[in-house]
Amino acid sequence: MPGAAGRPEGPAIILVEPQLGENIGMAARAMANFGLRELRLVAPRDGWPNPAAAAAAAGATGLLDAARVYPSTAEAVADLHFVLATSARSRGQMKRVLAPDAAMAELAERGGSGQGVGILFGRERTGLENDDISLADALVTFPVDPTFASLNLAQAVLLVGYEWTRARTGLALPFAANPSAPPASRASLIGLFEHMEAELDAAEFYPADKKPVMSRNMRDMFHRMSPTEQDVRTWRGAIRALAELRRKRKA
């Protein structure tokens, strides 16, 4: 859905000199997971279009078909008002450094007011160069283990997409748990307890003088499980089947 001034709702994802078509395709797939619709490519090494990208996109080929290609980073961001650059390390430039959640919250606010916003992602091997970063307003970095800070290109896009969704809509899940049976009533539970205790008594389960304490402990176990009406019916059916088997064996 377009945002203000006819712009795409989410930020433009800008891949600077991506090397492998497969990585472009997987990045597009990550974008599609979180509703990001604008892909920009800066001088992809193997040219464009790239059949390897389509094969790796897993159905997100519409993003690849609509991708725009630019000869330089400066041209790719020329129409934008606010740009973030992803980086795993400090670049010595006097820029704000934002965590993904704060970065996406700012992008959502700016994008909602009609500004063009985008995020730069660097080359697979070397990341963004200082000249690329000089075009950005701020850096966004991820709280990864500093001893192994390198992220796959698609992974970086996926993390950004997740935080973008959180900033825009919160963590609304796409589906809820299947409707369950209503919680068991006290009457149902008491009926289960009496049925179970009677059959355990018949099977001589309880040691002498221990039945009251053991029965209470077992009842507490069931209460902790918060059984539903269906759970109670299932348990009673299982107890009935075991009791019938015991009686047949005695006959």
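Buried means under 20% relative accessible area, exposed means over 50%, and partly exposed lies in between, using a 1.4 Å probe and protein chains only. The views below come from a predicted model, where local features need pLDDT of at least 70, side-chain atom pairs count only at pLDDT 80 or more, and totals for chains, interfaces and linings use all residues. Residues are numbered from 1 along each chain as its sequence is written, and side-chain values use heavy atoms, with hydrogens and water left out.

View 1. With 14% relative accessibility, Glu163 counts as buried. Leaving aside residues up to four places away in sequence, Glu163 touches Pro100, Asp101 and Met104, where contact means heavy atoms within 4.5 Å.

View 2. Seen here is an open sheet of 7 strands in the order 3-2-1-6-4-7-5, with parallel pairing. Its edges are strand 3 (68-70) and strand 5 (96-98), each of which pairs on one side only; two strands pair if DSSP finds at least two bridges between them. On average, neighbouring strands of this sheet are turned by 25° against each other, direction ignored.

**View 3. Strands 1 and 2 side by side.** Strand 1 (residues 12-16) pairs with strand 2 (residues 39-42) in the parallel sense, over 4 bridges. To find your place, look for Val16, which stands opposite Val42 in strand 2.

**View 4. Helix 5 across the strands.** Helix 5 (residues 100-112) lies across strand 4 (82-86), strand 5, strand 6 (117-121) and strand 7 (138-140), and runs at about 160° to strand 4. For such angles, axes are lines fitted to C-alpha atoms, for helices over the stretch in contact, and values run from 0 to 180 degrees between N-to-C directions.

View 5. Most residues other than glycine have a negative phi, and most peptide bonds are trans. The peptide bond from Trp48 to Pro49 is cis, with omega near 0°, and Pro49 belongs to the loop between strand 2 and helix 2 (51-56). Glu17, although not a glycine, has a positive phi of about 50°. Look for Glu17 in the loop between strand 1 and helix 1 (21-33); Glu17 is partly exposed, with a relative accessible area of 34%. Asp209 is not a glycine either, yet has a positive phi of about 65°. This Asp209 lies in the loop between helix 8 (186-202) and helix 9 (211-225), and at 75% relative accessibility Asp209 counts as exposed.

Definitions and conventions. Helices (H or I, at least four residues) and strands (E, at least two) are DSSP runs, numbered from the N terminus.
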